[in-house]
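Subject: Structure handover

Hello,

Here is the structure I said I would pass on. Please open it beside this email; my notes follow below.

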Amino acid sequence: MIHPTAIVSPGADLGADVEIGPFCRIDEGVRIGDRCRFDSHIVVEGPTTIGSDNRFFPFCVIGVQPQDLKFKGEQTFLTIGSNNVFREYVNVHRGTLGGGGHTRVGDHNFLMVAAHVAHDCVVGSHVIMANASTLAGHVTIGDHATVGAYSGVHQFCRVGDHAYVGGYSVITKDVLPYSKTVSERNAHSYGANVMGLERKGFTPEQIRNISAAFRLLLRSRLNTSQALEAIRREGVPPEVKVIVDFIESSDRGVIK
């Protein structure tokens with residue numbers, strides 16, 4: 001099934017029961033296995049070989065030339081296995097001659113929104129790449145590994161089998177198989193957002209009350225429970241009650 005608005009090159013090879021949705025472009029040198037589905041607005045350039053039963057959500061860009069200044073139009077390749085899911089805006093690039101000329105993605109992988117697989121990467125099978133996770137060139141991801149959201153893996157690094165990389169991590173060395181690995185990422189609260197509250201129409205008294213509560217929470221050297229008791233002793237106007245209720249209902253604790 002090919003939508004009338006899709007452009008499919010006569011030089012593309014489509015398997016059985018392939019669905020090409022609106023405004024897709026499938027170029028020459030692309031081979032697509034059986035039962036693949038391309039939702040809409042997807043670009044696939046070749047030479048690219050795609051196995052069977054893959055699902056591509058809107059705006060994926062697959063098999064385009066690498067982001068490498070040394071690339072001069074040489075013939076390089078992308079091979080994708082079967083039973084993968086590529087969510088919106090995922091992009092996977094072909095290889096470079098300097099990296100062997102071949103990017104490879106295995107089977108049963110789940111690439112979430114805006115994930116990026118650069119040139120010459122090798123992604124195993126049963127891998128999860130969460131939203132906006134990024135692989136630089138020449139990265140190897142082992143089977144059953146997970147790369148958390150917004151994480152970046154430096155070029156030539158490896159992530160071992162069954163490894164878990166926590167979100168927002170910066171990976172500059174190899175990640176051990178079976179490990180849980182995450183970058184250090186301390187977050188701090190710096191008090192009331194006074195300017196924002198003024199813009200939202202909070203009165204000067206309300207802002208003073210909120211700022212006083214934050215001083216007890218953040219700067220008094222009291223732990224959270226002691227700070228809440230101190231806030232209650234000074235009175236809890238409605239705007240401060242919002243803070244107290246929020247802290248008391250927190251399952252994971254609050255950033256201080």
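Which residues do ring pairs link into a cluster? They are Phe 38, Phe 56 and Phe 86. Before the details, please keep in mind that this is a predicted model.

Aromatic rings

A pair of aromatic rings is described by the distance of the centres and the angle of the planes. The count of aromatic pairs here comes to 4. One of them joins Phe 38 and Phe 56, which are stacked, with 4.6 Å from centre to centre and 5 degrees between the planes. This pair links distant parts of the chain: Phe 38 belongs to strand E6 (residues 37-38) and Phe 56 to strand E9 (residues 55-56), 18 residues apart. Both Phe 38 and Phe 56 are buried.

Phe 56 also pairs with Phe 86. Their ring centres are 4.6 Å apart and their planes are at 0 degrees, so this pair is stacked. Planes under 30 degrees apart count as stacked. Here too the pair links distant parts of the chain, since Phe 56 is in strand E9 and Phe 86 is in strand E12 (residues 85-86), 30 residues apart. Phe 86 is buried, as is Phe 56.

Two loop residues

Asp 68 lies in the loop between strand E10 (61-64) and strand E11 (77-80). Is Asp 68 buried or exposed? Its relative accessible area is 14%, so Asp 68 is buried, the cut-off for buried being under 20%. Apart from neighbours within four places in sequence, Asp 68 is in contact with Thr 96 and His 119.

Val 113 is in the loop between strand E15 (110-111) and strand E16 (116-117). Val 113 has 32% relative accessibility, so it counts as partly exposed. Together with Phe 59 and Tyr 89, Val 113 makes a nonpolar surface patch of about 260 Å².

Helix H2

Helix H2 covers residues 204-218, which is 15 residues. From its first C-alpha to its last, H2 reaches 21 Å, close to the 21 Å expected at 1.5 Å a residue. The buried residues in H2 are Ile 207, Ile 210, Ser 211, Ala 213, Leu 216 and Leu 217. An α-helix has 3.6 residues a turn, so residues three or four places apart point the same way. You can look for that spacing in the list of buried residues.

Regards

Key. Residues numbered from 1 in each chain as written. Predicted model: local features only at pLDDT ≥ 70, side-chain atom pairs only at ≥ 80, totals over all residues. Heavy atoms only, no water. Helix = DSSP H or I, 4+ residues; strand = E, 2+ residues; numbered from the N terminus. Expected span 1.5 Å × (residues − 1). Buried < 20%, exposed > 50% of the residue type's maximum accessible area, 1.4 Å probe, protein only. Patch = residues over 30% accessible without salt bridge, like charges linked within 9 Å, V, L, I, M, F, W, Y side chains within 5 Å. Areas by Shrake-Rupley, 256 points an atom, 1.4 Å probe, with all protein chains shown as cover. Salt bridge = Lys/Arg side-chain N within 4 Å of Asp/Glu carboxyl O. Phe/Tyr/Trp six-rings, centres within 6.5 Å; stacked < 30°, edge-to-face > 60°. Contact = heavy atoms within 4.5 Å.
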